[in-house]
Amino acid sequence: MTLFRFCNCTLIRNHALVVDDLWIRHGKIIDPEKVFFDERIQADVEYDCRGVLVAPGYIDLQINGAFGHDFSSPDEASEEMLLLVAQKLTAHGVTAFVPTVVSSKPETYKAVLPKYKRRAGSAKDGATILGTHIEGPFIDEKKRGAHRTDFLRKAPNGIEDLLSCYGSFNDVSIITIAPEIPNMIETVIPELVQKYNIVVSVGHSIASLDIGERAVCAGARFITHLFNAMLPFHHRDPGLVGLLTSHRLPTTSIVHYGLIADGIHTHSAAVRLAHRVHPQGLVLVTDAVPALGLPDGTYHMGAEKILVENKRATIAGTQTLCGSIASLAECVQNMRQALLDGEISKHGEVKIDKQFIVECIDAATLHPASVLHIENQKGTLSFGADADFIFLDDKLNVLSTFIAGEQAWTVNDNWSINNLHHVTWAKITVVGHIDPKTGMVMNISDLKVLIQTHVLDLVDHKHLDLDMDYFRTKNLVSTTENLAVFIWEQLVLQIERASQNTHIGMSHIVSLRSASLRALRSSSTASSAVLAATKCTTYSQRSIGQQQQYSYSTLPSTSTGILTRERQRTLSEQTLVIDSSNAGLYALTRHLHTSPILFDSVSVSTPSFPESVKDGTIRLLKKVGDKVSADETIAEIETDKTNLSVNAPQGGVIESFSVADGDNVTSGAVIGKIDTSGSGTKPTSATADAKAKAAEKADTEKTKEEPAKKSSDTSGPAPSKTPSVPATPKGPQRETPTSQISVTPAKQQAAGAGSSVGDPNKISGTRSETRVKMSRMRLKIAERLKEAQNTCAMLTTFNEIDMSNIVEFRKKYADQFLKRHNMKLGFMSAFVKASACALVDNPIVNAVIDGNEIVYRDYVDISVAVAAPKGLVVPVLRNVERMNFADIERSISDFGEKAKKGSLAIEDMDGGTFTISNGGVFGSLFGTPIINPPQSAILGMHGIFDRPVAINGKIEIRPMMYVALTYDHRILDGRDAVLFLRKIKQYVEDSRSIFLDL
């Protein structure tokens, strides 16, 4: 099969711009190292891309039609129509798309959907078809947009109603629904995801954030055209827009959202806002109508008549937007411009345009592929992926489109594949001499010139890799090893000199691939001449040496001599000639591959702190030289309220830290740098041996000092009792062979015996004292508790609750609850819900004093005290008045996991109108909680214990719990507090009173 090599490219790979080559075979992107080192072959066909930007092909997840064709029309629907659109989309850089069908009659779906089958793309047939996106008709009438009201439907019978409407789920990839419609969250979404493997998107909806979060927890993972056809963002209930920053979503998946960046549907400021809040989930979509690619005029989409004027598509006779006429390539350009405008307004200049280019293209390639779980196949230029890619100029105009490695479209003949054959080769030959006694290369001036000219033309070299173990394991002759060592030393020496005198603008990888080295086999014992035959790729618009392959071979000494300068051509001609009649080369082959990479060193900054946090104490979890992966935690910042993680922005090796462990840092401060070029300083074998010997010497000296130290150091009182003598064995002891006896070294014994010294968590009886600095969180907790005592007029009232009914209730429904919601049913949900209802009935308890005013809240946010490893934290359940038992249990469980991992965010603990503290989990019988300021009351729960109680004049054993309510007497009278606690008692003992509103 033909092996293609696209040279002189700037690739988008691994979220960065990389100057490298693109190798393709069988319609797939392949790893060139395997070709070089395993197959040992060259490319069959090579193309010079002239330094152009090469990106993965665009993927459109929402396109209603194009070029006069309507995907929702049963009269037009056919495989031929879809093929025609697929071919024309390549002119806009689209290599894969999901045709979208809007709300229609059931007979329309049954006529249209069977004709839109998944199909692989090709240069002849155009873009790949990734299934169908069905948008409607199970959407909310209030946010129907351009969808006809008479087509909208409900789902009283769950998934059966969807099957009845669509006819089948074959070749359906995405379905947009409104999650607030009954049965959607409970049955429809889980079945679509789990049974039919369909991506559920929420849209055309009036759902609150709470409903949106429940939909995501049920399996939804996409938002249809963010900001459009949904409730606008509101600070008390942000609606579906709030899913971008929600902390209550599963951590195992990313919520993606479609964004129409056509300049009509979404303002540039809104584009910047979405990007800054959640860039990883941004997916550019066109929502294109049949007018895409056509002039202004009147068109049809489904049953609606569309008027297109000045790039704006509306339902004829109205101002209601009806899709877009922008191509996906235009959306990418618009997003880039929106980000550039924000950067200019913020800094007065553009500093990170290259990174913006990467993020904008990722939003049209990698991110949509991730939505469909095909990110390893589409939307990427990684090895093994489909060879779907596009050429872009510096303004991101599409110059050429390739599908499965073949050119499907080009803007003009200049970018035709037939006009890209411009790769030229030059051959360089250098001769050196090996001294038979020392094995070192002599007369090396030519080799130095070669290195300096063809390697050091590159600006900077970060990675130098030579695995000397290869030579040792293969038992190669010493001359080979010395030759390799010499070449290595010369490279390092020259590169170090160049680095000191050169301003670094780009980074390159210089890799001496030892895997390609073969043994020198020479029968001659006399001195040998070494030939370095170097094959250098050069380009018409590129400096020499950016892609080089070097091969070194030997010749018998009799066949050649050391060349003089007079017999060589100048280096400007890029050729040195060897005068030899014997051209036979032995089996030593080496490749020197250089690949420049942009953004080779990235800074690591602290995350943004909330307004209430000014600074924090940093704790470094990694050391300089450690390898880290993208998003791996490398440090923690302890603040007054929680711990913040500092994650690696990219994978690589930690190059340096600018802060020390224990330093105070502020928001956005740079704490270090990561080398992303793949380099990393590893200790050499000599260094490792030196460290080992030093450690052994220190241990020996320590062992010698120990007897003297023990004899002189006798702190503590004398023992009051003589140690007992071991008892005499009554029978013969079992004999054990000496070889089976496990001997613990003295160092380990000493370490084990003294391990408790200085440990504050152990009492060893040595009468020593250990001082441990209080953590910032513990100091803040102490400060707030004392503040509560000094500020509030605290008083506590008590009651007891008969837990018989709730215990029986839990036993009866525990299994069903676990099966339905995949979580256990606890007692906390009953107390939280009872407290929320009691707060609604007694709003004064939910209020707070602010200066000379009392502030009443129309929402109930309950703080639940959770014991974390570093102290007590109180995450907040928001809008509990609208939660059910499952919502409460899920939220508490999520907070508990976060507290254990130390990943609670400041936002998780901000606010709160009432607090519940459950000391019962530790077996507490009775206690008085302290108010969590500025709140006005706190409920203390305790353990459940069987106690004798009087029931209808008889003594019975019942599971009972004491509860305590501490309240601020400045705002609450005793009557209010007592009635409030009695209300909680009523709701817990008989939860039916909640539903009867008694």
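This is a predicted model: local features need pLDDT of at least 70, side-chain atom pairs count only at pLDDT 80 or more; totals for chains, interfaces and linings use all residues.
Me: Which helix supplies the largest share of the lining of the second largest cavity?
Reply: The second largest cavity, with a volume of about 70 Å³, is lined by E213, R214, C217, R248, D887, R890, S891 and D894. The largest share, four residues, comes from helix 19.

Me: How many residues of the lining of the second largest cavity are charged?
Reply: The lining includes E213, R214 and R248 as well as D887. Its residues divide into one nonpolar, one polar and, as charged residues, six.

Me: What kind of aromatic pair do F809 and F885 form?
Reply: F809 is partly exposed, with a relative accessible area of 28%, whereas F885 is buried at 16%. F809 lies in helix 17 and F885 in helix 19, so their pair ties together parts 76 residues apart in sequence. The ring centres are 6.4 Å apart and the planes stand at 70°. An angle over 60 degrees defines the class, so the pair is edge-to-face.

Me: The charged end of which residue sits over the ring of W415?
Reply: W415 belongs to a cluster linked by ring pairs, with F4, F6, Y47, F389, F391 and F402. At 4.8 Å from the centre of the W415 ring sits the charged end of R50.

Definitions and conventions:
Residues are numbered from 1 along each chain as its sequence is written. Side-chain values use heavy atoms; hydrogens and water are left out. On a 1 Å grid over the protein atoms alone, a cavity is a set of points where a 1.4 Å probe fits but cannot get out, and a pocket is an open set with protein on both sides within 12 Å along at least five of seven lines; lining residues have an atom within 4 Å of a point. Grid points are joined across faces, edges and corners, and a volume is the space filled by probe spheres set on the points. Helices (H or I, at least four residues) and strands (E, at least two) are DSSP runs, numbered from the N terminus. Ala, Val, Leu, Ile, Met, Phe, Trp, Tyr, Cys and Pro count as nonpolar, Asp, Glu, Lys and Arg as charged, and the others, Gly among them, as polar. Buried means under 20% relative accessible area, exposed over 50%, partly exposed in between (1.4 Å probe, protein chains only). Rings of Phe, Tyr and Trp (its six-membered ring) pair if their centres lie within 6.5 Å; planes under 30 degrees apart count as stacked, over 60 as edge-to-face and the rest as tilted. A charge sits over a ring if NZ of Lys or CZ of Arg is within 6 Å of the ring centre and within 35 degrees of the ring normal.
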